[in-house]
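Here are my notes on the model you sent.

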Amino acid sequence: LHATKLAGAPGARGNPALGAEITRWTQMAAAAGEDDAALRLGRAHLKLQPSPLPHDPAKGMAYLEAAARPRAEGGKNSPVGHYTLAQVLLAGLTPSRREEV
């Protein structure tokens, strides 16, 4: 989440207020359907990138699934979202979920 430049600052590691602002805007973008924001939040909650967000596999998977949601379901069908979901599932970073057939 902190790989950004806001107000000329290269990231927010030393500035908690700036980090909170970046996180807030990223969450708002994800809620509005921005797949890149959902992907960043998903990776952050799974601790695949540096972030002050708590490790939360359920939230992480929900954000990654939102990033990969098909267009027919109102998503953007992000190829990077699909790729990241596959990486997470293959690495066993989160419990797998079975769907009843």
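1. What is the accessible surface of the protein, and what share of it belongs to carbon and sulfur atoms? The accessible surface is about 6600 Å², and carbon and sulfur atoms contribute 56% of that. Please keep in mind that this is a predicted model.

2. On the overall layout, there are four helices and two strands. Their order along the sequence is β-β-α-α-α-α.

3. The protein has 101 residues, of which 34% count as buried. Among contacts with a separation of 6 or more, 39% are between residues 24 or more positions apart.

4. The length of α3 checks out. With 12 residues at 1.5 Å a residue, the helix should span 16 Å, and its end C-alpha atoms are 16 Å apart, which agrees.

5. The buried residues of α3 are G60, M61, L64, A67 and A68. Viewed down the axis of α3, they fall within an arc of 120 degrees, so they line one face of the helix. An α-helix has 3.6 residues a turn, so residues three or four places apart point the same way. The partners of the buried residues of α3 are α2 (35-45) and α4, against which they pack.

6. S78 sits in the loop between α3 (57-68) and α4 (79-91). Is S78 buried or exposed? Its relative accessible area is 4%, under the 20% cut-off, so S78 is buried. Setting aside neighbours within four places in sequence, S78 is in contact with D35, A67 and A68.

Conventions: Residues numbered from 1 in each chain as written. Predicted model: local features only at pLDDT ≥ 70, side-chain atom pairs only at ≥ 80, totals over all residues. Heavy atoms only, no water. Buried < 20%, exposed > 50% of the residue type's maximum accessible area, 1.4 Å probe, protein only. Contact = heavy atoms within 4.5 Å. Areas by Shrake-Rupley, 256 points an atom, 1.4 Å probe, with all protein chains shown as cover. Expected span 1.5 Å × (residues − 1). Arc of directions from axis to C-beta.
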